[in-house]
Structures are given as structure tokens and as C-alpha cells.
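Subject: Structure handover and notes

Hello,

Please find below the structure I am passing on to you. My notes on it follow, and I would be glad if you read them with the coordinates open.

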Amino acid sequence: MPQRTRTIPALFVILAAASCVGSMGQVGASSKGSSTNPFKDVAFFLNPAYTENVEATAKRHPDMADAIRKVAQQPTAVWLDRIAAVQNLKGWLDEAKKQQDTSGKPTLTVVVVYDLPNRDCSAEASAGELKVAENGLARYKSEFIDPIAAEFKAHPDQPIAVVLEPDSLANLATNMSIPMCQEARPVYKEGVVHAIKSFALPNVSVYLDAAHAGWLGWDDNRAKIGRIFKSVLNDAGGPGMIRGFAINIANYTHLSNRDGAVLEPTNPCPNELTYVKILRKTLEMYGFKDHGFIIDTSRNGKGNIRTKWGSWCNIKGAGLGERPRAEPEPGIDAYFWIKPPGESDGVADPKAPRYDPMCGGPDAAPGAPQAGQWFESYFLDLVRNAEPPL
Ligand code: BGC
């Protein structure tokens with residue numbers, strides 16, 4: 001079972017923070033976002049840059065324009081994937097505030113915080129800029145996390161949800177045979193602790209990434225991540241410092257079908273909703289009670305599309321999943337489109353830098369650009385295969 005021990009990086013980690021907005025312009029004074037669902041009773045930030053990509057695609061494909069334009073109305077997360085991206089944060093939050101002032105409704109921005117040193121220690125396509133051996137941790141704290149926290153503080157009247165460092169702690173649970181992950185171990189932990197403490201603000205709620213069913217669903221892997229979360233939160237000030245956990249980030253695992261039971265019959269969690277149910281019980285044993293979950297449903301509308309559950313790159317046949325919304329099920333804070341649909345998972349050209357064989361494998365769509373770049377033909381397929389349909 002390769003995904004138990006290696007592979008299956010779900011790709012990215014998201015650090016999401018949310019807040020307790022009582023009334024317009026008033027964010028709960030003391031909460032660190034642990035006690036209320038930040039997705040409830042709010043509007044969601046619409047990222048104009050994403051909308052522009054979608055609109056340009058609609059213009060180039062008039063036959064599908066009606067369906068495509070429905071995607072432009074859906075909120076997506078914004079990704080802080082490198083130090084230079086932090087300069088975009090002010091603009092996003094200012095724009096979200098404008099949307100909030102216009103609608104008269106608190107407007108939540110979901111921010112993925114994703115730049116740990118030695119990222120991604122098991123997936124080349126997501127290789128980042130910082131290295132443990134090159135003072136990466138000090139730079140991560142002072143040039144990345146601290147300026148992000150300062151910007152959050154400068155926008156106290158609007159709610160923010162952070163998805164923190166996709167795939168990082170999951171790699172520590174299952175990929176310790178990889179030297180780059182071994183080297184990353186203390187640094188991932190200290191970096192995540194620093195981020196959690198820095199984002200302990202009244203308007204911010206943090207979700208730790210907890211991979212997906214096909215990575216951590218097995219009993220032993222759930223126990224491993226439980227121990228890691230416990231140790232990280234002990235250092236960060238206790239389980240109440242985070243609102244909850246983010247799963248399926250940039251991955252494709254279906255909410256409810258039995259695809260996983262066929263691909264990996266020994267995994268008790270064949271899909272994401274079962275994973276939430278079972279993982280919640282595991283995490284209770286490690287001190288996490290009443291925590292919320294968010295599930296990335298941007299591309300998990302269709303099941304049964306992979307030959308291996310561990311495939312994670314631009315999966316052929318994928319469709320948009322459930323539309324973002326709060327409390328879709330008891331105990332689930334939200335379905336949300338964390339990975340902006342249409343942005344590539346990784347480059348398909350074997351000669352390109354950051355090429356990962358997963359992105360040229362049998363489950364991957366051909367012709368993909370670098371991770372994060374607009375992959376138009378793939379976006380069109382996501383629209384065609386949307387489930388529920390647009
Ligand atoms: C990439 C980021 C990108 C994000 C959202 C990640 O895989 O590394 O650069 O912003 O996906 O598309």
C-alpha cells in the first residue's frame with residue numbers, strides 16, 4: 001500500500017483562520033476561533049483575479065459560457081505559497097472588506113498558508129523556496145508568518161480562516177523514510193507552532209491540514225497524526241488554539257462514494273465523510289473535542305477516476321464538487337473550494353523543473369503547466385464533469 005507509507009501527498013496545506021463576527025464590523029473580542037464556526041452567517045470573499053481567469057475562459061468558449069460563469073460566482077481560497085505572495089494579502093483583505101461593506105454582511109476570506117522549509121518533502125511538484133539547511137525556519141517565521149499575522153491584525157473587522165500548511169504534518173506521520181522529511185520534522189513542527197501562536201487573533205480561525213481518507217484513513221496512520229497534532233498543540237498552547245481541521249485539500253477524494261473501498265480495502269475510511277466521522281473519534285482520544293472540519297470540494301464531484309488512490313496530480317475525469325457552503329452536515333464547518341479549480345497541481349513535462357512523475361502518470365491529464373498556473377483545458381473538463389451539475 002504505497003499511500004500508507006509514501007506517496008499520496010494530497011498536495012498542499014492550508015492554514016485557515018476564521019473569526020467570530022458578531023455584527024457588522026465587530027469581531028468577537030476574545031475568541032481564537034475555536035468555539036464558533038467562522039463559515040456560518042457570513043458571505044465569502046470572491047477573488048477578482050480568479051474571477052478574471054474564469055471570465056476570460058468564458059469569452060474564449062462561448063458554447064460553455066453560461067456554465068463557466070456560474071463558477072465565477074463561487075468563492076475560492078487565496079494561497080500564500082511564497083514570501084513574495086504576502087504582498088498580495090493586503091489587496092485581498094482590502095477587497096474583502098469592500099465586499100463586506102457593500103453587502104452589509106461579514107465577509108470571510110479563506111487563506112492557505114503554505115511555505116514551510118523543505119516543502120513538499122515528498123512531492124517534487126510542490127517544491128518550495130525555503131530550505132531547512134539554508135536558515136529556512138528563521139526566514140519562515142520572520143519573512144512569512146510574522147508579516148501575514150501583521151496584515152491579519154491590520155484588518156481586525158473582518159473574519160479570516162486559515163488553512164495551515166497542507167500536507168506538512170501528514171508527511172511527518174507517514175513519510176519518515178524520506179531524508180528530506182526526516183530533516184523537516186522538527187522544523188515543520190516548530191513552524192506550525194509559531195504560525196498557530198501568531199494567528200491567535202480575534203478575527204482569525206485556524207484549521208490544521210489533516211490530509212485525506214486515502215492518506216491517513218488507516219488506523220495506524222490516524223493514531224500517528226493524532227499524536228503529532230497533540231504534541232504540536234501542546235507546544236502551541238492547547239487544542240483550543242485551533243478551530244479544527246482541513247481535509248482533502250487539493251485532492252480528489254469523493255465525499256461519500258465507495259471508491260476507496262475498492263482501491264484500498266483495508267482502509268476503514270472509503271471517502272471523506274466517513275473519514276471525518278472516524279478521524280473525529282481518533283482525535284478525541286488525543287484531546288481534540290468539538291473541533292470543526294472543512295472539506296475541499298473543488299474537484300471531488302466524480303468518484304472512481306483513479307487507478308491508484310495515491311494519484312494526486314491533475315486527475316483525468318475529475319469534476320467540480322459540492323458548492324462552498326457552511327454546515328452542510330452536522331459537525332462539518334463547511335464545504336469550500338480551497339484549491340481554485342482550473343489551477344494546475346504540477347507540470348506534466350518531464351523536462352520541466354519541479355516535474356513529479358505523478359504529473360506524467362496514467363491518472364494525470366496531459367499538457368499541464370506548473371503548479372498554480374491556469375490549466376484551461378482541465379478547467380473545462382471540471383466544468384463539464386461537475387457533480388452536482390452547474
Ligand atoms: C501551488 C501554489 C498555488 C496553489 C493553488 C499549489 O499547488 O504550489 O503555487 O497557488 O496550488 O493553485
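This is a predicted model: local features need pLDDT of at least 70, side-chain atom pairs count only at pLDDT 80 or more; totals for chains, interfaces and linings use all residues.

Residues are numbered from 1 along each chain as its sequence is written, and side-chain values use heavy atoms, with hydrogens and water left out.

The chain as a whole

The chain has 12 helices and 12 strands, where helices (H or I, at least four residues) and strands (E, at least two) are DSSP runs numbered from the N terminus. A compact globule of 390 residues would have a radius of gyration near 21 Å, and the 19 Å of the chain agrees with that; the radius is taken over C-alpha atoms, and the globule rule is 2.2 Å times the number of residues to the power 0.38. Along its principal axes the C-alpha trace spans about 50 × 50 × 40 Å. Of the 390 residues, 60% count as buried, and here buried means under 20% relative accessible area, exposed over 50%, and partly exposed in between (1.4 Å probe, protein chains only).

The largest pocket

The largest pocket holds about 640 Å³ of space. Its lining has 30 residues, and the closest to the pocket centre are W79, D81, R82, E343 and G372. By class, the lining has 14 nonpolar, eight polar and eight charged residues; Ala, Val, Leu, Ile, Met, Phe, Trp, Tyr, Cys and Pro count as nonpolar, Asp, Glu, Lys and Arg as charged, and the others, Gly among them, as polar. As to the method, on a 1 Å grid over the protein atoms alone, a pocket is an open set of points where a 1.4 Å probe fits, with protein on both sides within 12 Å along at least five of seven lines, and lining residues have an atom within 4 Å of a point. Grid points are joined across faces, edges and corners, and the volume is the space filled by probe spheres set on the points.

Helices

Helix α9 (residues 219-236) has 18 residues and reaches 26 Å from its first C-alpha to its last, close to the 26 Å expected at 1.5 Å a residue, the expected span being 1.5 Å times one less than the number of residues. Among the buried residues of α9 are I225, I228, F229, V232 and L233. Just after α9, G237 takes a positive phi of about 120°.

In helix α7 (residues 179-198) lies G191, which counts as buried at 0% relative accessibility. G191 and G136 are 55 residues apart in sequence and 9.8 Å apart in space, C-alpha to C-alpha. Helix α11 (residues 272-285) holds I278, which is partly exposed at 26% relative accessibility; the C-alpha atoms of I278 and A67, 211 residues apart along the chain, are separated by 36 Å.

Loops and side-chain contacts

Q158 lies in the loop between α5 (136-153) and β7 (160-164) and is buried, with a relative accessible area of 1%. A polar atom of the Q158 side chain lies 2.9 Å from the backbone oxygen of L93, where a polar contact is a pair of N or O atoms within 3.5 Å, one able to donate a hydrogen and the other to accept it, and residues adjacent in sequence count only if both atoms are side-chain atoms. N257, in the loop between β9 (244-247) and α10 (259-263), is buried at 17% relative accessibility, and a polar atom of its side chain lies 3.1 Å from the backbone nitrogen of D259.

Backbone geometry

A cis peptide bond with omega of about -25° joins R119 and D120, and D120 lies in the loop between β6 (107-113) and α5. The peptide bond from E387 to P388 is also cis, with omega near 0°, and P388 lies in the segment after α12 (376-384). D41 has a positive phi near 60° although this residue is not a glycine; D41 is found in the loop between β3 (26-27) and β4 (43-44) and is exposed, with a relative accessible area of 59%.

Best regards
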